Amino acid sequence: MSVLDDIVAGVRIDLAEREERTPFAAVRSLAEQAPAPRDPMPAFRSESISVISEVKRKSPSKGDLADIPDPTVLAAAYQRGGAAAISVLTEKRRFNGSLDDLVAVRAAVDTPILRKDFIVTSYQLHEARAAGADLALLIVAALPQPELERLYAEARSLGLTVLVEVHDEEETRRAVDLGAELIGVNARNLKTLEVHDDTFGKLAALIPDDRVKVAESGITGVADVERFASEGARVVLVGEALVRDGDPEAAVRTMSAVRTTTHTSGTEPGQEAGV
């Protein structure tokens, strides 16, 4: 069993417990009552790098990263620094996160919020909306293509912006064929937890320029952000480097000042820029 398989197995156990406490109908009702989601895409298409700053206490590869007794304090610093979105880990076994963190952050900031989790069911998408999320993560490696397509369509119907995460060439092809507008390339292989610094550059070349490319993992500072920008990233998702930084507000501000190398806009997913 791969690391990803093990994580998803735990997610399904925890999910079953939540479904027992709160039936799907109740979660769906709460999602319908939630305020309209915020759209991060205009910011993601700006001429400077957009930073998705992460509230992240722990990871399977590094263990404990930071003591975050109040995620709203960190989220507020991210917002002041100019984060285009804030990612909140909600998986509890490997990342020590929770939906309570997302709810708290949502109440504290106006920035769009990403629910970062291993989403494998419709229930989790409705949970995300009910908690106030504006974006949701779908990991291609965790989903057969029919399920990926179904969950992507359902997320969009709920008004969620979907970050579709890939790790290799085949997953990238699947994300592009899906029509995903926002594609994240994770340099960390979730099946082995190994990080390969050249992953983004290789896979970004397979993604049409009208899609928004997100660099994930392996970002330790502004030099990495500049490198990914030169390889086509418009957005970087940064967790460990920010939660361990003594001044996350300043770190986000510095990263956000990096210019992108592509400035196409106004194109639809699947349509090549300039065609």
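Guide: Two strands pair if DSSP finds at least two bridges between them. Helices (H or I, at least four residues) and strands (E, at least two) are DSSP runs, numbered from the N terminus. This is a predicted model, where local features need pLDDT of at least 70, side-chain atom pairs count only at pLDDT 80 or more, and totals for chains, interfaces and linings use all residues. Residues are numbered from 1 along each chain as its sequence is written, and side-chain values use heavy atoms, without hydrogens or water.

Visitor: What makes strand 4 and strand 5 a pair?
Guide: DSSP must find at least two bridges. Strand 4 (residues 85-89) and strand 5 have 4, in the parallel sense, so they pair.

Visitor: Why is the crossover from strand 4 to strand 5 called right-handed?
Guide: With the strands pointing away from the viewer, the path from the first strand over the helix to the second must run clockwise. The path through helix 5 (residues 99-108) to strand 5 is right-handed, so it runs clockwise in that view.

Visitor: How do you know that strand 5 pairs with strand 6?
Guide: 2 bridges join strand 5 to strand 6 (residues 135-139), and the two run parallel. The cut-off is at least two, so they pair. R115 stands opposite A136 in strand 6.

Visitor: Why are both faces of strand 5 called covered?
Guide: Buried means under 20% relative accessible area (1.4 Å probe, protein chains only). I113 and R115 on one side, and L114 and K116 on the other, are all buried, so each lies under 20%.

Conventions
Buried < 20%, exposed > 50% of the residue type's maximum accessible area, 1.4 Å probe, protein only.
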